[in-house]
Amino acid sequence: NHLNFSLDAEQEALALDFGTVRLDTVLYGPSTRDQSQSRTALGGPAWSVLPTRGFATVTSDPAYQNALNILRSLRITELMYNPAGGNDYEYVELTNTGNVALELKGMAFVEGIDFTFTAPLSLPAGGQTVLVSKESTFRARYGLLVPVAGTYAGRLDNSGETLALALAAPFDGNVLRFRYEST
C-alpha cells in the first residue's frame with residue numbers, strides 16, 4: 001500500500017517507533033530520480049534502479065540483472081486491434097531490442113489485457129513473440145512460424161486504452177505503460 005505522504009528528495013530521516021521506544025532511524029539523501037535507496041547488511045547506503053517491494057536489493061543477483069535488461073530492452077512493437085475479420089485476430093507483439101536473452105516468466109499485463117507469463121520463456125536477443133486473442137485464428141492468418149507466447153484474456157479496446165506490462169515480483173515497476181488511440 002502507498003502511504004499518504006511524500007519524502008524530500010534532498011534529505012530526510014525516517015524513524016520507526018514502538019510506543020516510546022525508537023526501533024530504527026534511517027537518514028537518506030540526496031535522491032536520484034527513479035532509483036530506490038536501501039541499506040546494506042552493514043547499514044550503509046545502497047542504490048538501485050529497481051524498487052523491490054521491501055526485499056533486499058542485490059544488484060549481482062541474476063533476477064535483478066534480468067529485470068534491468070527487460071526495462072532497457074523489452075518493447076511492445078506492434079498492436080493489432082480492430083482487425084479485419086474480428087477480435088479473434090488481435091495480437092500484441094513483443095520484441096527484445098537488446099543483446100542478451102530476457103526471461104519473461106512472472107511478468108504480467110496489469111492494465112488492458114489480462115496475461116501473465118506463467119511458464120519460463122527466454123526471449124533471445126533480437127527475438128520476437130506475440131500474445132494472441134485466439135491462437136487458431138491467428139495461425140490460420142499468419143502461419144506457424146511466428147512464436148506465440150500465449151493467449152490473453154479480454155480484448156484490445158478498438159477505441160483505445162492504456163496497456164501496462166509489469167516486471168515479475170519482487171520488482172515493483174512497469175516495463176511499459178502507454179495509451180493507444182484509434183485513428
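Buried means under 20% relative accessible area, exposed over 50%, and partly exposed in between, with a 1.4 Å probe and protein chains only. The views below show a predicted model, in which local features need pLDDT of at least 70, side-chain atom pairs count only at pLDDT 80 or more, and totals for chains, interfaces and linings use all residues. Residues are numbered from 1 along each chain as its sequence is written, and side-chain values use heavy atoms, with hydrogens and water left out.

**View 1. An open sheet of 4 strands has the order 5-6-11-12.**
Helices (H or I, at least four residues) and strands (E, at least two) are DSSP runs, numbered from the N terminus. Two strands pair if DSSP finds at least two bridges between them. The pairing in this sheet is mixed. Strand 5 (74-80) and strand 12 (148-151) stand at the edges with a single partner strand each, so one side of each has no neighbour in the sheet. From one strand to the next, the twist averages 20 degrees. Axes are lines fitted to C-alpha atoms, for helices over the stretch in contact, and angles run from 0 to 180 degrees between N-to-C directions.

**View 2. Strand 6 and strand 11 run antiparallel.**
Strands of a sheet pair through backbone hydrogen bonds, either parallel or antiparallel. Here 5 bridges join strand 6 (residues 91-96) to strand 11 (residues 128-132). Within this pair, Tyr91 stands opposite Val132 of strand 11.

**View 3. Helix 1 and helix 2 lie across strands of the sheet.**
Helix 1 (residues 62-73) lies across strand 5 and strand 6, and runs at about 50 degrees to strand 5. Helix 2 (residues 135-142) lies across strand 5, strand 6, strand 11 and strand 12, and runs at about 140 degrees to strand 12. Thr137, Phe138 and Arg139 are the buried residues of helix 2. Their cover includes strand 6, strand 11 and strand 12. Gly143, with a positive phi near 90 degrees, follows helix 2.

**View 4. The largest nonpolar core has 29 residues.**
A nonpolar core is a set of buried Ala, Val, Leu, Ile, Met, Phe, Trp, Tyr and Cys residues joined through side-chain atoms within 4.5 Å. The residues with the most contacts inside this core are Ile70, Leu74, Val92, Leu104, Met107, Phe109 and Leu156. Helix 1, strand 5, strand 6, strand 13 (160-166) and strand 14 (174-181) each supply at least two of the core residues. The largest share, 4 residues, comes from helix 1.

**View 5. Phe109 is buried, with a relative accessible area of 4%.**
Phe109 lies in strand 8 (residues 108-111). Contact means heavy atoms within 4.5 Å. With neighbours within four places in sequence left aside, Phe109 is in contact with Ile76, Val92, Phe115, Leu131, Ala164 and Leu165. Val92 in turn touches residues that include Ile76, Phe109, Leu131 and Leu156, not counting residues up to four places away in sequence. Phe109 and Asn174 are 65 residues apart in sequence, and their C-alpha atoms are 9.0 Å apart in space.

**View 6. Asp88 forms a salt bridge with Lys134.**
A salt bridge is a side-chain nitrogen of Lys or Arg within 4 Å of a carboxyl oxygen of Asp or Glu. The closest N and O atoms of Asp88 and Lys134 are 3.9 Å apart. Asp88 lies in the loop between strand 5 and strand 6 and Lys134 in the loop between strand 11 and helix 2, so the pair ties together parts that are 46 residues apart in sequence. Both are partly exposed, Asp88 at 25% relative accessible area and Lys134 at 37%.

**View 7. Arg22 forms a salt bridge with Asp17.**
The closest N and O atoms of this pair are 2.6 Å apart. Arg22 is exposed, with a relative accessible area of 52%, whereas Asp17 is partly exposed, at 39%. A search of the whole structure finds 6 salt bridges. Another joins the side chains of Glu181 and Arg179, at 2.5 Å from N to O.

**View 8. A cis peptide bond joins Ala169 and Pro170.**
Omega is about 10 degrees at this bond. Pro170 is found in the loop between strand 13 and strand 14.
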